[in-house]
Amino acid sequence: MEAFEAVQHYFNMAADELELEDDLRPLLALPEREITVQIPVQMDDDRLVSLIGYRVQHNRARGPMKGGLRYHHEVDLDETRSLASLMTWKTAVVNIPFGGAKGGVAVDSRAISKREKERITRKFVDEVHELIGPDKDIPAPDMGTDHEVMAWFVNQYNKYAGFNPAVVTGKPVEHYGIPGREEATGRGVGILTIKALGRIGRKPAKSTIAIQGFGNVGSHAAKFLSEAECKVVAISDLSGGYYNPNGIDILQAARYSREHGFSLAGYPEAETVTNHQLLELDVTVLIPAALGGVITCENVDRIKAKLIVEAANSPVRPDADKVLTERGIPILPDILANAGGVTVSYFEWAQNRQFYQWNLNRVRGELDHMLSTAFEQVWDLAVERHVSLRTAAFMVGIDRVARAMRLAGQA
Ligand SMILES: NC(=O)c1ccc[n+]([C@@H]2O[C@H](COP(=O)([O-])OP(=O)(O)OC[C@H]3O[C@@H](n4cnc5c(N)ncnc54)[C@H](O)[C@@H]3O)[C@@H](O)[C@H]2O)c1
């Protein structure tokens, strides 16, 4: 199943539960606009390379469209389309006044220099500046892009539109960014994991956690959960997995990774396991926080976790989702579990529009409030309607977007 087809599968399950009219379905499911642009870039060695860039604008019924900008060699239209539609449902589940979009450039971000990356970013803005903006479509960092790319983006956009820091989020804190954005997705994963543990009757102090991926999301989730007294027994990155049944000292592991070029390779305080074995550990909570599609029909029968929290986008394939749901294993779906990042991006956009600097306490307090509210709504709906958390989350999101379209006379 292709990436967009998988999202459509979940959309249809929720739309059936909502008894959504047939003629409304394509309007909600399909993107409003898909942009493909050519990006000719002069490389450092003087070669002229033509890259392909995408921006898919999925839905703007509830506000300006919002979604990351990814630089990765596997970026294509289908993946961008699926991620754009997930953004529509994600912003609606947490009830922030945005629609959904996603963009990317098909380029290996590790194989280009900083200056090449800057030229690619500026050229991309040259191609799409008329279609984006603080009231239209607001990009953000994603795989292969960061706060520095966002700073170049604003600078280039401002040449066309004047001073407009709210055109992107995820900017450097000292350049119109917001404190707490970097930790937001992982922190949100942590907040929601604790809430879900409560709902399945497990105490944090008696819960063990395995986290795949120790980058931005995985490391901040690990930090939050170990501070909340959970025992994080396994972490991993591209170099492999590290397992210690007595618990891993997360601050020490984060320091080790930083000091070794953001790699855990050789981490001495744990035994090594593969990234596949990590997924199959007998733990209370499994948090895939690296890649999509890691839990499939091939390994699903060996998954022993009592709860799965989707920090990455689409880590569980639809066939595996079905098996886990039948086994009664709750899966906190990506559109809720990793929505902390876009929620704090909304605060950053609001801050820029207000010309007022928010402080970290306010960001954390409001993040906790918004995610907790969304969690209660989704969990209660799942119980009431006897559906999975994923179907319930899609139902909440689809219902909000459909209402907005009807109220505006669009549907
Ligand atoms: N950063 C955000 O705000 C955000 C928001 C929503 C969703 N996500 C999703 O969360 C996931 C992680 O994002 P991130 O920002 O932490 O990325 P990141 O690049 O900071 O970290 C990714 C981590 O995954 C590891 N990794 C990469 N390939 C791997 C592999 N084959 N096996 C195991 N580990 C591997 C890397 O070594 C690294 O530790 C992605 O799927 C991303 O789309 C991120």
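In what order do the 7 strands of the open sheet with mixed pairing lie? The order is E9-E8-E7-E6-E10-E11-E12. Here helices (H or I, at least four residues) and strands (E, at least two) are DSSP runs, numbered from the N terminus, and two strands pair if DSSP finds at least two bridges between them. At the edges of this sheet stand strand E9 (271-273) and strand E12 (331-332), each with a single partner strand, so one side of each is left without a neighbour in the sheet. Strand E6 (residues 208-212) and strand E10 (residues 285-288) run parallel and are joined by 4 bridges. Within that pair, Gln212 has Pro288 in E10 as its bridge partner.

The model is predicted: local features need pLDDT of at least 70, side-chain atom pairs count only at pLDDT 80 or more, and totals for chains, interfaces and linings use all residues. Residue numbers start from 1 along each chain as its sequence is written.

The chain is divided into domain 1 (30-179) and domain 2 (182-337), with bounds that come from an automatic or database domain assignment. Taken over C-alpha atoms, the centres of domain 1 and domain 2 are separated by 28 Å. The contact takes 5 residues from domain 1 and 4 residues from domain 2, where two residues are in contact if their C-beta atoms, placed from the backbone, lie within 7 Å. On the side of domain 1 that touches domain 2, the residues divide into 4 nonpolar, no polar and 1 charged. In this division Ala, Val, Leu, Ile, Met, Phe, Trp, Tyr, Cys and Pro count as nonpolar, Asp, Glu, Lys and Arg as charged, and the others, Gly among them, as polar.

Another open sheet has 5 strands in the order E1-E2-E4-E3-E5, again with mixed pairing. Strand E1 (33-42) and strand E5 (137-141) each have a single partner strand and stand at the edges, so one side of each is left without a neighbour in the sheet. Direction ignored, neighbouring strands of this sheet are turned by 20° against each other on average. Over 6 bridges, strand E3 (residues 65-72) pairs with strand E4 (residues 99-106) in the parallel sense; Gly103 in E4 is the bridge partner of Leu69.

Helix H3 (residues 77-93) packs on this sheet, touching E1, strand E2 (48-59), E3 and E4, and its direction makes about 155° with that of E4. Axes are lines fitted to C-alpha atoms, for helices over the stretch in contact, and angles run from 0 to 180 degrees between N-to-C directions. Helix H4 (residues 114-128) lies across E1, E2 and E4 and runs at about 135° to E1.

Two packed helices are described by the angle between their axes and the distance between the axes. For helix H1 (residues 3-18) and H3, the axes come within 7 Å and cross at roughly 30°. H1 and H3 are therefore roughly parallel to each other; angles under 35 degrees count as roughly parallel, over 145 as roughly antiparallel, 65 to 115 as roughly perpendicular and the rest as oblique. Ala3, Phe4, Ala6 and Val7 of H1 make the contact with Asp78, Glu79, Arg81, Ser82, Ser85 and Leu86 of H3.

The axes of helix H6 (residues 181-199) and helix H12 (residues 340-354) also come within 7 Å, crossing at roughly 140°. That makes H6 oblique to H12. The residues of the contact of H6 with H12 divide into 3 nonpolar, 6 polar and 3 charged.
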